[in-house]
Amino acid sequence: MNLRDIKKDIEYVIGAFIDDCSLFSCVNKASDEEALAGLLEEAVDLYNDLRDKVNEKVEGPKAAHFAAIRKELLEKTNALYEKLSAMVKAAK
């Protein structure tokens, strides 16, 4: 695991989430735009936070640091998807 790979993972996973939010907004015009905007803001904040963590200077093995960032990425993105799923269910 290296710096380039973790940056690509962050970009891909959060980008896919933002695409899913945009698709939901386009398909469901009755969606709560404020809640969706808040969800997108959380995703952007997560992106910025993780990119800052990736770019920090780390003493010792970087692989463990990157593994912790990848784990955080997956856990927090999963939480965002659960919120989006709740919005989709409420919109039906």
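A residue is called buried under 20% relative accessible area, exposed over 50% and partly exposed in between, with a 1.4 Å probe and protein chains only. The model is predicted, so that local features need pLDDT of at least 70 and side-chain atom pairs count only at pLDDT 80 or more, while totals for chains, interfaces and linings use all residues. Residues are numbered from 1 along each chain as its sequence is written, and side-chain values use heavy atoms, leaving out hydrogens and water.

With a relative accessible area of 0%, Cys 21 is buried, whereas Cys 26, at 54% relative accessibility, counts as exposed. A disulfide requires a pair of cysteine sulfur atoms within 2.5 Å, and a search of the whole structure finds 0 of them. For Cys 21 the closest cysteine sulfur belongs to Cys 26, and because 11 Å lies between the sulfurs, they are too far apart for a bond.

Turning to the rings, the structure holds 1 aromatic pair. Rings of Phe, Tyr and Trp (its six-membered ring) pair if their centres lie within 6.5 Å, and planes under 30 degrees apart count as stacked, over 60 as edge-to-face and the rest as tilted. The pair links distant parts of the chain, as Phe 17 lies in helix 1 (residues 3-27) and Tyr 81 in helix 3 (residues 62-91), 64 residues apart. Helices here are DSSP runs (H or I, at least four residues), numbered from the N terminus. Phe 17 is buried, at a relative accessible area of 1%, while Tyr 81 is partly exposed, at 29%.

Conventions
Helices (H or I, at least four residues) and strands (E, at least two) are DSSP runs, numbered from the N terminus.
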